[in-house]
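Subject: Structure handover

Hello,

Here is the structure I promised to pass on. Please open it and keep it beside this email while you read.

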Amino acid sequence: MDRDAFLLTPGPLTTTLRTKLAMLRDWGSWDSDFNNLTAFVREHLLAIVHGQGSHVVVPLQGSGTFSVEAAVATVVPRDGHILVLDNGAYCKRLGKLATLMGRRTTITSHAEDAAVSADELEARLRADPSITHVGLIHCETGTGVLNPLQAIADVCERHGKGLIVDAMSSFGALPIDARRVKFDAVIAASGKCLEGVPGMGFVVIRRAVLDGCAGNSQSLAMDLHDQYVYMEKTGQWRFTPPTHVLAALAEAVKQYDEQGGQPARLARYTDNCQALLTGMSELGFQPFLRPELQAPIIVTFHAPADPRYDFRAFYQAAKARGFLLYPGKLTQIETFRVGCIGAITRREIEQAVFAVATSLRELGVSNGAPAL
Ligand SMILES: *Cc1c(COP(=O)(O)O)cnc(C)c1O
């Protein structure tokens, strides 16, 4: 069968045929047609967070992590001090890359089944005035927890600290309004909630901050100030651009607007997430998170207690039925994850739940109930 499986993963994810077809062209990186496409995408991405006038969008080649690394290297001065609020795997990655880049880094640990705390941030900032920046993961994709962006941004604003937000798995779906949430940088990528293909990230940066960032980056390729200055001057990317990825993203953001923008995307993903939680609970599965912490992006489920359960066999059985699940990312307990994002609706989610049910039957697993 040449039909693609549905990707119930946090990116790469299922894209529309229209988005895929947009890649069947060759673009010259120098050519005005491609430069216009870059400008179109940058403007659209900025409008999604209402950053016109105050912020700019700087795109960067590579996967999402490349842009996180570039944002930290560009925005945090070499003698800066970044506090990373850690409640999961992607927070740890942010802390690690900031450390590797030689920035003074402090990491605060929170439980993986809880949101990070604005009160604790307040106390930390009071106790250590040397902190210049705060790093936050908006939706911690390792578990699916939604962190309180507005409350964290308010604390940072009160203390005059820069805020860097990894909004990779939330951008475009969960509301982020630059007029109300004060941030220095918000980072996202082509292949997540915008439903493009993977291969480029982008950073929404406060213009007044970016203007002062020349020379901060110790890396040439990751220097967003340099990328920005060159792009403003020439309309071009500094080094070979991911032309097909950008063309696909341009087509994806057109569909995003046609479908009703951020509110419509959130509504569809919320419906997907509800259908998933309902269907899986009927099979006995239990989500890892309390409902009030769950972002409608990706759901972590406990592994079934039945000894015949084995993730690899379960994964293969679901794959044979046309659905790709995602492994868990928790170190202490066995889990797996199911993404709610991508060009899918409740219809595909209900089919996925049916595939899970028949996969369990094939494995001889009576139901999805965890040990607990
Ligand atoms: C996907 C994701 C990233 C980037 O991961 P890559 O594998 O580099 O694309 C970063 N942070 C979060 C929260 C993510 O969900």
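**Helix H5**

At the start of H5, a side-chain oxygen of serine 117 comes within 3.2 Å of the backbone nitrogen of aspartate 119. That is a polar contact (a pair of N or O atoms within 3.5 Å; within protein, one must be able to donate a hydrogen and the other to accept it, and residues adjacent in sequence count only if both atoms are side-chain atoms). Helices (H or I, at least four residues) and strands (E, at least two) are DSSP runs, numbered from the N terminus.

Two notes on the source. This is a predicted model, where local features need pLDDT of at least 70 and side-chain atom pairs count only at pLDDT 80 or more, while totals for chains, interfaces and linings use all residues. Residues are numbered from 1 along each chain as its sequence is written, and side-chain values use heavy atoms, with hydrogens and water left out.

Back to H5, which spans residues 118-127. Ala118, Leu121, Glu122 and Leu125 are buried there. Buried means under 20% relative accessible area, exposed over 50%, and partly exposed in between (1.4 Å probe, protein chains only). Seen down the axis of H5, the buried residues fall within an arc of 105 degrees, so they line one face of the helix. The arc is that of the directions from the helix axis to the C-beta atoms. The face turned away from the buried side carries the exposed residues Asp119 and Ala127. What covers the buried residues? The cover includes strand E3 (81-86), strand E5 (133-137) and helix H6 (149-159). Contact here means heavy atoms within 4.5 Å.

**Helix H8**

H8 covers residues 224-234. Aspartate 223 caps its N-terminal end, with a side-chain oxygen 3.0 Å from the backbone nitrogen of histidine 225. Leu224, His225, Gln227, Tyr228 and Met231 are buried in H8. Down the axis of H8, these buried residues fall within an arc of 160 degrees, so they line one face of the helix. Their cover includes helix H2 (32-48), strand E2 (55-61) and helix H3 (64-75). Just after H8, glycine 235 takes a positive phi of about 80 degrees.

Take a look at leucine 224. Its relative accessible area is 0%. Leaving aside neighbours within four places in sequence, its contacts include Val58, Leu60, Ala70 and Val203.

**The ligand**

An oxygen atom of the ligand is 2.5 Å from an N or O atom in the side chain of serine 63. For arginine 93, the corresponding distance is 3.4 Å. A polar side-chain atom of lysine 192 is 2.8 Å from a ligand oxygen. The protein covers 84% of the 380 Å² of accessible area that the ligand has on its own. Such areas come from the Shrake-Rupley method with a 1.4 Å probe; for residues, only the protein chains shown count as cover.

**Aromatic rings**

How many aromatic pairs does a search of the whole structure find? There are 9. Rings of Phe, Tyr and Trp (its six-membered ring) pair if their centres lie within 6.5 Å; planes under 30 degrees apart count as stacked, over 60 as edge-to-face and the rest as tilted. Phenylalanine 6 and phenylalanine 323 are stacked, at 5.6 Å centre to centre and 20 degrees between the planes. Phenylalanine 6 lies in strand E1 and phenylalanine 323 in strand E12, so the pair ties together parts that are 317 residues apart in sequence. Phenylalanine 6 is partly exposed at 24% relative accessibility. Phenylalanine 323 is buried at 6%.

Best wishes
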